[in-house]
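Reader: I'd like to learn how to read aromatic pairs and a well-enclosed helix. Could you walk me through an example?

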Amino acid sequence: MIESFLDPAGPIAEEQLWHLIKVTALTMVAVLPVFVLVPFLLWRYRYQAKRPDYDPEWERSPGLEILIWGVPFAIIGVLSFMLWRSTVALDPYKPISGTEKPIKVQVIGLDWKWLFIYPDLKIASVGELAFPADQPVELTLTTDTVMQSFMISALAGQIYAMPGMTTKLNLLAKGTGTFQGENTQYNGTGFHAQKFRALSMEGATFHAWVASVSAKGRLLDEPTYGKLAERATAKQSKAALGLSGAPDGALYFTLPEADIFQTVLARYRSGQPMMAHEQPGSPTYRPSGTGGTG
C-alpha cells in the first residue's frame, strides 16, 4: 500500500512533489550559507582572532548589505510566484481532463470512518474507495459530525470537510494500485483507525467490484445509516451491523431512493439548532432521532 506523496501515483501528487523539491532547493540558497558561514565566523573571529573583541575597521558595506538583504528578498519573490502558480494549477476544485467522464463520488465523514456514495451506480462503501485507473475521480465532501480532513497523499492533497458545507477534490491514478487514505484532523479516540483503501483498478475489475457491492450490499436505509453514524470505527460498525461478504474493514451498501448526501447537508441548513442527541459523533447521539436518510 502506497502511503506518501513522495511516491506519487497521479499527476496531482507528482506536481506536489516537484513543487516541494523546487521550494526546498531555492530555500537552501539562503539556508546553506548560514550553516556554513556561522561556524566559520565563530572560528575565524572568535577562536582564531588575535583579539577576542574583534572590531572591524569599517562601519558599512553597501555591497555586502545588498547581498545580505537582496538574496532573501529575491527568494521570497520567487517563492511567492511559485506559490501563486501552484495554487492555481493544483486547485482541488479544478477538473482533471481525461478521455472519459469523471467518476462522481460523494463523501460523508463520520466518527471514525468515511462513507463513499456512488450516486450514478446506486452503491456505497465504507473502508474502500474504488475507481478505474487513468480515469478522473470527482469527490464532493461533507461531514455528519465534526470537521475532518480528507487526504490520499499518493494521489492528491488534503481537503477539509465540514458539516453543512461541501468541498471538492479531483484526482486521478496513473495505473492500478492500492493507496492509503485517511483523516488528518484529530476527532477523538478512534482517530487512528479512520483510514481506508483507495483502490485503482482496471476497468473490468472495477465493474466487477461494482457488481459485487450491488450483490452483497445492505440497503442504506434510515435505520442502517443511523447505526452507521454512531461513533465507531469501520470494523466496529461492520460487527454492529452484522455485515459480511466484504474485505476486512470494508462495508458495502446499496442506495435507497432518498438522496442521503443532500439529506445530511439539509440537516445543517435548516436554521435551527441541532440537539446533542441528534448529532452523529455526540456521546448522547440516538440514531432514531437523526432523521437518517428520510
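**Rings and a helix**

Author: Gladly! Phe-116 and Phe-196 are both buried, where buried means under 20% relative accessible area, exposed over 50% and partly exposed in between (1.4 Å probe, protein chains only). This is a predicted model, in which local features need pLDDT of at least 70 and side-chain atom pairs 80 or more, while totals for chains, interfaces and linings use all residues. Residues are numbered from 1 along each chain as its sequence is written, and side-chain values use heavy atoms, without hydrogens or water.

Reader: How many aromatic pairs are there?

Author: Rings of Phe, Tyr and Trp (its six-membered ring) pair if their centres lie within 6.5 Å; planes under 30 degrees apart are stacked, over 60 edge-to-face and the rest tilted. By this rule there are 10 aromatic pairs. In one of them, Phe-116 and Phe-196 sit edge-to-face, 4.9 Å centre to centre with 65 degrees between the planes. Trp-114, Phe-116, Phe-150 and Phe-196 form one aromatic cluster.

Reader: And why is helix H6 largely enclosed by the rest of the structure?

Author: Helices (H or I, at least four residues) and strands (E, at least two) are DSSP runs, numbered from the N terminus. Six of the eight residues of H6 (residues 260-267) are buried, so the rest of the structure largely encloses this helix. Those buried residues are Ile-260, Phe-261, Thr-263, Val-264, Leu-265 and Arg-267.

Reader: What do the buried residues of H6 pack against?

Author: With contact meaning heavy atoms within 4.5 Å, they pack against strands S1 (103-110), S2 (113-118) and S5 (137-143), and helix H4 (222-228).
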